[in-house]
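Me: I've got a structure open and want a quick walk through its packing and salt bridges. Can we start with the terms?
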Amino acid sequence: MIPISVCIIGKNEEKNIERCLAPLTSYDFEIIYVDTGSTDRTKELAAKYTDKIYDFEWIGDFSAARNFSLGKASHNYVLVIDCDEFLTEIDLDGIERAISEHPRGIGLVLRINQCESNGKIASSPDRVERLFHKRYYHYAYTIHEQVCDINTNSTYCERYDIPLTLDHVGYIGTEEEKRLKAERNNELLFKEIEKHPDDPYFYFQVAQSYNLIDDYENAYIYYKKAFEFPLCKDELWVQFMAITFINTMTHTGRSDEALAFFEPIYDDFATSSDFYCNMGNIYLNLREPQPLKAMMEYVKATQCPAVQEEGANTFVPYYNMGVINEMLGNVPAALNFYQKSAAYDYPLAVERLSALREYLPQ
């Protein structure tokens, strides 16, 4: 096996740190934990799993802390995870093959995010950059740090999937906790915008912070600013921004604007189930809804290879196809789609089935 160092930074993570570190000890990983100023038992608990614990004085710069952790790694290949991420599946032979085929690439892990939806918990997958050779890459940006070429700071790099899955619980918390997190993030992000006023990435991240607290009006403003700059549409964050910008516009009653904006550039972003789902949402929320066009987008979402392989977000298009069939008066078809969605424990589908239980076969 190619030697790998797992690099983790954290602060006051006593509720998560053992759940994060314990699965890693089953493998021949070097575990590096960098603490940025904990005042609870985080370091004491981490010491049960690794003796490579280091202190780093927090200077409001996530990349500085990340790069410090990379510097402590003994191995060239590093796997970066957060304290609120927990290893659930891994194929070491598959990882070794992937690294051998992409020695200078950046490995993407599958992350299953636990999110709140209408007060209930739902899962949403994404892929994030976490495995790379530390001689070729490091981190840049003080917040929402990005893996960049160590010589050019370019984020435009080869990426490839690795067979590793993490559960992520970072999106769950009280409204007050979310608000405070958004305020902390934006304090750093506004400083970045002052230093880099022409970098759309920071406007995107400000919008994301506002999204965290459901402040869709401010999120809309900053997404729109980001899209005013030239964008490399192959970048993962740009693809994701398109999805979240559509979501924000539908939340704020701007679906007609969203359609006018994205229809001309549809082919640039039509690569994921999330994009197709959000395009479907646009058609459903127009001043004059177009349910059949929406249905076509949801069908495309279910046909994405990643969805078929992993079940990723399948529950969303199935649920929405149920909504459309119910709108059109076809209750049996609606029930069929709601049942497919509920099979993934999607809360809205479960609720809709309960409301329509009189139509279910006894």
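This is a predicted model: local features need pLDDT of at least 70, side-chain atom pairs count only at pLDDT 80 or more; totals for chains, interfaces and linings use all residues.

Me: Good. Leaving aside neighbours within four places in sequence, what is Met-241 in contact with?
Reply: Phe-204, Tyr-223, Ala-226, Phe-227 and Leu-231, with those sequence neighbours left aside.

Me: Which residues touch the most other members in the largest nonpolar core?
Reply: Met-241, Phe-227, Phe-262, Phe-275 and Met-279. That core has 49 residues. Helix H8 gives the largest share, 8 residues. Another core lies apart from it, with 29 residues, including Ile-81, Ile-99, Val-109 and Tyr-160.

Me: Phe-262 again. Which residues of H9 are buried?
Reply: H9 spans residues 255-262, and its buried residues are Ser-255, Ala-258, Leu-259 and Phe-262. They sit on the same side of H9, because they cover an arc of only 100° around the axis.

Me: What covers them?
Reply: The cover includes helices H8 (236-251), H10 (266-269) and H11 (273-284).

Me: Switching to salt bridges. How many are there?
Reply: The count is 21. One of them pairs Lys-52 with Glu-30, with the closest N and O atoms 2.5 Å apart. Lys-52 is in the loop between H2 and strand S3, and Glu-30 is in strand S2, so the bridge ties together parts 22 residues apart in sequence.

Me: Is Glu-30 buried or exposed?
Reply: Buried, at 7% relative accessibility. Lys-52 is partly exposed, at 28%.

Me: What about Asp-55? Which side chain does it meet in a salt bridge?
Reply: Lys-43, at 2.8 Å from N to O. Asp-55 lies in strand S3 and Lys-43 in helix H2, so parts 12 residues apart in sequence are tied together. Asp-55 is exposed, at 52% relative accessible area. Lys-43 is partly exposed, at 32%.

Me: And where do Arg-179 and Glu-183 sit?
Reply: In helix H5 (residues 175-195), 4 residues apart, or about one helical turn. Arg-179 is partly exposed at 31%, and Glu-183 is partly exposed at 43%.

Me: Which residues do salt bridges with shared partners join into one network?
Reply: Arg-66, Asp-82, Glu-85, Arg-111, Asp-126, Arg-130 and Glu-145.

Me: Last one, the surface. Which residues form a nonpolar patch there?
Reply: Leu-292, Met-327 and Leu-328, with about 340 Å² of accessible area together. Met-327 belongs to helix H14 (residues 315-327).

Methods. Residues are numbered from 1 along each chain as its sequence is written. Side-chain values use heavy atoms; hydrogens and water are left out. Patches are made of residues with over 30% relative accessible area and no salt bridge: like charges are joined within 9 Å, nonpolar side chains (Val, Leu, Ile, Met, Phe, Trp, Tyr) within 5 Å. Accessible areas come from the Shrake-Rupley method with a 1.4 Å probe; for residues, only the protein chains shown count as cover. A salt bridge is a side-chain nitrogen of Lys or Arg within 4 Å of a carboxyl oxygen of Asp or Glu. Helices (H or I, at least four residues) and strands (E, at least two) are DSSP runs, numbered from the N terminus. Buried means under 20% relative accessible area, exposed over 50%, partly exposed in between (1.4 Å probe, protein chains only). The arc is that of the directions from the helix axis to the C-beta atoms. Contact means heavy atoms within 4.5 Å. A nonpolar core is a set of buried Ala, Val, Leu, Ile, Met, Phe, Trp, Tyr and Cys residues joined through side-chain atoms within 4.5 Å.
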